[in-house]
Amino acid sequence: MSGLFGIVSSRNCSETLLYGTDYHSHMGTEKAGMVIMGEDIHRRIHDIRTSQFKSKFAAEYKTMTGRLGIGVISDRDPQPILISTHFGEFAIATMGRIANSSQLIAELHSQGVAFSEIDEGRINNTELVARMIAMGKNPQDGISRAIERIEGSCSLLLLTRGSLYAARDNLGRSPLVLASNGGDWAVCTETCALSNLGFQVERDLAPGEIVRIEPDGVHAMRPGFPGLQICAFLWIYTGYPASRYQGISVEAVRQRCGRRLARADSVEADLVAGVPDSGTGHAIGYSMESGIPYQRPLVKYTPGYGRSYTPPSQEIRDLVAEMKLLPIREVIEGKRIVLCEDSIVRGTQLKNLTVQKLWENQAREIHIRPACPPLLFPCKFLRSTRNINELAARKAIAALESRPSGDVQAYLDETSPKYAAMVEWIQQDLNVTTLRYQRLDDMVAAIGLPREQLCLYCWNGEG
Ligand code: SF4
């Protein structure tokens, strides 16, 4: 997805910026960057595919000085972008997905605008947003105009010599939170970045809201809109357990998801486990509700494998995933295991690594309980690498319908025979004893926001 962190401080902000940005490392695996604007402009961008954020920036941040800064963990584009405009220089970092980027690029090209940040043959979307903003009368006008033209979603931080602008995307698909610490201000995607740095959450920005933050406080630039559609997947998988969105704790939602899975279940088992790490909160909730003990048949060997470490090819990624996950035979042998997973995307790692390791260590039964319904539609609002035909549920439908796309709508009704056939196909493909997905209504209830305030496109294709 990407994660943003910005700070306005009364002192040199470089160390806070380093750690605040680093606490977003779970949100992106490709590129990372920081900009500080002081007397000089300091910008650093690094590739983080083969090493962790801190290892790249830990020495460099000491050479960066200034009181205002922005940082980004990016899922694709090198950023922040620096640009000089008729209203001054600014640095900008964005998160989201611009669905109409080709059209917007063509429009700017026709007006004589050139792009310089070509990466892997592609125009950098953050540069596209920067060039659109540069056509405004001032930063606020430019941001408003740019965000109104973008289809998909785009939240951003924009840094000038004396101000930090923050804008949340029009439907609030991604979070953006304002926080304070004495006279210092921070704005970020993940609230888990705040407490260890001494910041208290002030409030979530509203969808489409723009603020300007300066040492004297936060200035309203544009009020927000009604019509929140925040990504539900943040609570299920993407977000960090210690974070909160719209004031709702990720870990608490995961435990409620697990409780609801248990309430809808009648399976007899010896232990409940989560696929580490994102299945853990769901499994704890399942265990608390069912009374079945929580145990760890599988643990992750994390020393040497940073959370943000993403090997360069699928082959090596699979190898690392296999090496990281360690089975504990004494916990597994002869046991009936309920295994909670955040979601089943392709299902290949679950099948080839997790399930296989449990069978190899003599599990008696394996019951998979994903915390969300089958994923049927790849994200079109926040960036995602999922290919529609790779999704386990799509593969099941294609196989059942004997054609690539199949009639997806018929499989959305959780009470229908077609839905049951799809789940049965995935269960057999995974080679597990039983498989039962969370119902959409239960997932929504576990999150606790009104349904119309959530993006549920991944599961129902609406939006
Ligand atoms: S489509 Fe899925 S991942 Fe994308 S914003 Fe909506 S819920 Fe989140």
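Is Gln362 buried, exposed or partly exposed, and what is its relative accessible area? Select Gln362: this residue is partly exposed, with a relative accessible area of 41% (buried means under 20%, exposed over 50%, partly exposed in between, using a 1.4 Å probe and protein chains only).

This is a predicted model, in which local features need pLDDT of at least 70, side-chain atom pairs count only at pLDDT 80 or more, and totals for chains, interfaces and linings use all residues. Residues are numbered from 1 along each chain as its sequence is written, and side-chain values use heavy atoms, with hydrogens and water left out.

**Positive phi**

Stay on Gln362, which is not a glycine but has a positive phi of about 70°. Its place is the loop between α11 (348–360) and β23 (365–370); helices (H or I, at least four residues) and strands (E, at least two) are DSSP runs, numbered from the N terminus.

Next select Gln246, in the loop between β17 (244–245) and β18 (248–249). Gln246 also has a positive phi, of about 50°, and is not a glycine. Its relative accessible area is 25%, so Gln246 is partly exposed.

**Cis peptide bonds**

Move to Gln79 and Pro80, which are joined by a cis peptide bond with omega of about 5°. Pro80 sits in the loop between β4 (68–74) and β5 (81–85).

Finish at Pro276 and Asp277: the peptide bond from Pro276 to Asp277 is cis, and omega is near 0°. Asp277 belongs to the loop between β19 (271–274) and α8 (280–290).

As background to these stops, most residues other than glycine have a negative phi, and most peptide bonds are trans.
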